[in-house]
Amino acid sequence: MEKKQVFEGVKVADFTWSIAGPMATRELAEHGATVIRVESHKYPCPMRRAGSMLGRSASINGSFVFANFNTNKLGISLDLSKPKGQEAARRLVKWADIVGESFGPGVIARFGLDYESVRKIKPDIIYFSTSLQGQYGPHSRYQAWGWQAASLAGFYETVGWPDRLPTGIPGAYTDQIAPYYTVCALIAALDYRRRTGKGMYLDQAQFEVGVTFAEPSLLDYGVNGRILKRRGNRDPYAAPHGSYRCQGDDSWCAIAVATDNDWEAFCEVIGNPAWTRDQRFASPAARKENENQLDRLVEEWTVRHSAPDVMRMMQERGVPAGVVQKNEDLFNDPQLRHRDSHERLNHPELGTVLHQRPAYRLSRTPCRLTSTGPNLGEHNEYVFKEILGFSDDEIADMLIEGAITTEADMPGAR
Amino acid sequence: MKQRVDTEPLLGSHRVLDLTDEKGWFCGKILGDLGADVIKVEKPGGDPARTTGPFYHDVPHPERSLPWMYCNSSKRGITLDIEATAGRDVLRSLVRSADFLIESFSPGYMEGIGMGYEAVGAVNPGIVFTSVTPFGQSGPYKDYEVSDIVLWAMGGVMATCGDKDRAPVRCSVPQAYYFAGLQAATGSMVAHYHRQLTGEGQYVDVSIQESVLLNVPNSVMTWDTFQRNTIRSEGMRVRMLYPCKDGRVVCSIGGAGVGWTQSTIALTNWMAEEGMAEELADIDWHNFNPGAATPEQVQRAEEILGAFFLTRTKQELYEAAVQRGFSLAPSSTPKDLREDVQLAARDFYIEVEHPELGDTVTYAGAPLQMSHHHWGIHRRAPLIGEHNEEVYQTELGLLPEEVAALRRDGVI
């Protein structure tokens with residue numbers, strides 16, 4: 001018999017969408033929780049479109065992005081603006097231990113599913129809201145995308161070259177940070193409820209999540225008045241420090257030389273050319289001072305070798321170095337493969353799809369990836385009948401009212 | 001939710017032994033901010049990474065390192081030479097009363113000093129033992145030397161950052177160890193819950209490379225499906241970042257979907273009121289198909305937006321975005337963040353007394369607000385050996401002369 005998973009028996013009503021919410025509930029699902037993702041054909045999750053954005057399938061169920069973000073979940077399609085939809089949702093939250101939502105602040109109250117309403121149905125509910133700027137405050141109704149949260153939190157100004165416009169970290173940066181904080185809080189809340197019988201409310205602002213990763217730049221401003229500027233790949237404590245062009249098309253290797261020991265090893269690797277003994281590079285401070293010249297000389301060596309060779313040669317002498325890995329490199333990375341970082345699961349439309357596992361491995365209660373993200377409404381019958389106890393007649397009424405949505409409700413379907 | 005029901009520290013009855021260097025600091029901070037009693041165990045003389053700047057008032061000093069102060073807040077601190085026999089005995093006693101042990105030594109180091117998971121688990125079967133290493137405990141790269149930039153490169157984010165005609169870049173605020181600490185805290189919490197239910201501890205093996213990789217969650221799948229790399233600066237067809245009067249803003253228009261349409265109309269209406277929408281005023285955004293726009297049309301739209309943004313400050317543009325409902329954000333500097341009205345209204349920042357500096361220092365606050373707990377800094381980062389007496393004498397019950405002997409022998 002397989003060992004019981006950590007969150008077996010924990011039930012989650014998941015009204016979130018996009019990335020930050022679904023990635024949090026996925027973490028619980030991979031450790032045994034029963035997660036029911038509530039969607040609607042009227043407003044499909046943006047991640048269901050992300051597969052087609054990447055150029056493959058226009059189908060609502062054909063996105064590997066959605067598949068990866070929603071592992072192990074059950075999926076139902078429900079219109080929360082319909083009375084019967086709300087009735088089903090009330091039954092769902094009564095069933096649940098955890099409710100999650102990521103609507104714009106105030107929106108879920110229109111469906112009678114805000115924390116205060118849910119608490120009347122389920123007094124010890126653990127309820128989390130994740131939004132861009134939080135549930136209250138003058139900017140709480142602000143609407144934007146994840147990359148604007150990244151920009152708000154300062155992750156555009158600090159990435160790029162000092163002589164050019166910043167480039168920023170592309171994508172919805174804070175969406176990759178927020179879910180794990182949510183999971184930490186939810187587990188603490190589950191344990192608190194186990195001990196005290198009390199539920200809890202969590203209000204997450206993805207903007208604030210980002211700012212927790214922006215230190216120490218805010219402290220530096222606060223106590224020293226300094227505004228950190230982007231500095232390419234420069235580091236105050238190391239030179240050479242950067243990504244250096246290698247043999248091949250757009251191929252790069254990162255190298256970081258901080259100490260004199262690192263420098264000596266580095267010089268040996270590149271064959272101790274005469275310039276390495278130049279006074280300009282005789283100490284860490286001198287190397288910092290003459291960094292532009294140094295970078296050029298380093299690159300004269302790296303361009304003659306492939307990036308994996310540069311990494312291997314440096315690492316053999318203990319110099320920190322690593323290939324700037326692109327999708328192909330990551331796919332073939334022997335270390336990621338050694339750790340089974342991704343697991344292949346069957347997908348009804350895409351054949352098989354890779355799903356990334358968490359970055360931690362638990363020795364006794366490992367995560368278990370059992371199924372890819374659900375098709376829209378895939379588990380309607382099971383959830384409405386077996387879990388929520390609706391009769392066939394009631395389900396038929398819900399379909400007639402449009403409370404259970406179908407493909408006919410999709411935008412552009414009529 | 002400003003008013004909290006009560007403020008019981010959620011992990012208040014749990015003790016964490018934090019043996020990490022900068023790679024794993026952030027894990028202990030998260031557990032500490034959640035209320036755990038985190039004891040940072042440093043080498044006699046202090047954690048070598050206390051020499052990392054920037055420093056308070058730019059004076060390099062081990063008690064003034066700002067990265068250290070942030071990532072070790074909500075912890076107490078002791079010094080201990082865990083390689084000395086006497087030090088190991090003390091650590092073994094500490095392990096008995098601990099619920100978590102976090103370390104970031106090279107794979108095999110803890111086993112080498114007789115304090116690997118097997119040994120520690122034998123002393124305390126309920127312990128959650130978390131290792132944070134660059135590539136995990138085993139595999140071809142497990143002994144590779146790293147730094148932030150190397151992990152940013154190996155984890156796949158760097159390839160997506162920067163301009164196409166220059167080298168890929170990292171973030172000038174090092175990020176890799178934040179992701180590692182957060183993954184370590186998450187894994188530790190999952191293991192903690194299992195321990196709470198069953199009494200059984202376990203080993204948690206965290207890879208920093210995989211933690212960074214979570215930022216490019218579609219990378220491996222994109223290769224698997226399309227055999228396509230993601231080239232930096234090519235992710236978005238439409239430009240995002242524009243200079244304005246006093247800085248920069250991030251905005252784009254004309255994407256597909258209801259949110260985009262509403263946002264685009266709100267912005268172009270405002271520009272039309274100001275007489276600066278040009279031909280953007282004539283576009284039927286409800287039926288606009290971004291996929292059909294020609295490069296010339298896109299470029300023209302960017303010129304019109306760019307010209308308008310230059311007439312306003314980032315604050316003016318941001319306030320208008322909030323009021324009128326279009327999606328635009330300032331490209332914030334630390335100054336913008338410290339002056340942000342939303343963060344102020346939510347009491348995001350935390351003022352922490354530093355008596356040794358004669359000052360109060362303002363720190364970034366919590367990643368979320370909880371109704372029954374104050375997630376946040378509960379004490380400033382410890383000075384070197386600050387809690388030696390408290391931990392060794394009061395809590396561990398060593399006699400003053402035993403502590404004096406340890407100190408004489410350089411163990412603490």
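The questions and answers below go through a predicted model with chains A and B.

Q: Why is Ser74(B) called buried?
A: A residue counts as buried if 20 or more other C-beta atoms lie within 10 Å of its own. Ser74(B) has 25 C-beta neighbours inside 10 Å, so it is buried. You will find Ser74(B) in the loop between α2 and β3 (75–79) of chain B.

Q: What makes the phi of Ser74(B) worth a look?
A: Most residues other than glycine have a negative phi. Ser74(B) is not a glycine, yet its phi is positive, about 65°.

Q: And why is Gln227(B) called exposed?
A: Gln227(B) has 10, so it is exposed. Gln227(B) also has a positive phi, near 50°, without being a glycine. Its place is the loop between α9 (219–226) and β7 of chain B.

Q: What makes the peptide bond from Glu215(A) to Pro216(A) cis?
A: Its omega is near 10°, and the bond is cis. Pro216(A) sits in the loop between α8 (206–211) and α9 (217–224) of chain A. In chain B, Gly53(B) and Pro54(B) are also joined by a cis peptide bond, with omega about 0°. Pro54(B) belongs to the loop between β2 (37–42) and α2 (66–71) of chain B.

Q: How do you know that the buried residues of helix α12 of chain B line one face?
A: Start with which residues they are: Lys314(B), Leu317(B), Tyr318(B) and Ala321(B) are the buried ones in this helix, which covers residues 314–324. Looking down the axis of α12(B), these buried residues fall within an arc of 100°, so they line one face of the helix. Their cover includes β7 (241–244), β8 (247–251), α11 (295–309) and β9 (328–330) of chain B. After α12(B) comes Gly325(B), with a positive phi near 80°.

Q: Why is strand β2 of chain A described as mostly covered?
A: Six of the six residues in this strand (residues 34–39) are buried. Thr34(A), Ile36(A) and Val38(A) are on one side, Val35(A), Arg37(A) and Glu39(A) are on the other, and all are buried, so both faces of β2(A) are covered.

Q: How do you know that β1 and β2 of chain A pair?
A: Two strands pair if there are at least two bridges between them. Strand β1 (residues 11–15) and β2(A) have four bridges, in the parallel sense, so they pass that cut-off. Val12(A), for example, stands opposite Val35(A) in β2(A). Strand β5 (residues 126–131) of chain A and strand β6 (residues 200–205) of chain A are another parallel pair, with six bridges. There, Ser131(A) has Ala205(A) as its bridge partner.

Q: What makes two strands the edges of the open sheet?
A: The sheet has seven strands, in the order β3(A)-β2(A)-β1(A)-β4(A)-β5(A)-β6(A)-β12(B), with mixed pairing. β3 (74–77) of chain A and β12 (369–370) of chain B each have a single partner strand, so one side of each is left without a neighbour in the sheet.

Q: How do you know that chain A and chain B touch?
A: Two residues are in contact if their C-beta atoms lie within 7 Å. By that test, 118 residues of chain B are in contact with 122 residues of chain A, so the chains touch. On the chain B side, the largest share, 14 residues, comes from helix α7 (residues 176–198). By class, this side has 63 nonpolar, 41 polar and 14 charged residues. Strands take part too: three bridges join strand β12 (residues 360–362) of chain A to strand β6 (residues 202–207) of chain B, and these run antiparallel. Leu362(A) has Val204(B) as its bridge partner.

Q: What makes Cys184(A) stand out in the largest nonpolar core?
A: That core has 245 residues, and Cys184(A) and Cys253(A) touch the most other members. Leaving aside neighbours within four places in sequence, Cys184(A) is in contact with Ile30(B), Leu34(B), Ala185(B), Thr186(B) and Met189(B).

Key: Residues numbered from 1 in each chain as written. Chains lettered and ligands numbered in written order. Predicted model: local features only at pLDDT ≥ 70, side-chain atom pairs only at ≥ 80, totals over all residues. Nonpolar A, V, L, I, M, F, W, Y, C, P; charged D, E, K, R; others polar. Buried ≥ 20, exposed ≤ 12 C-beta atoms within 10 Å, placed from the backbone. Arc of directions from axis to C-beta. Core = buried A, V, L, I, M, F, W, Y, C linked by C-beta atoms within 7 Å.
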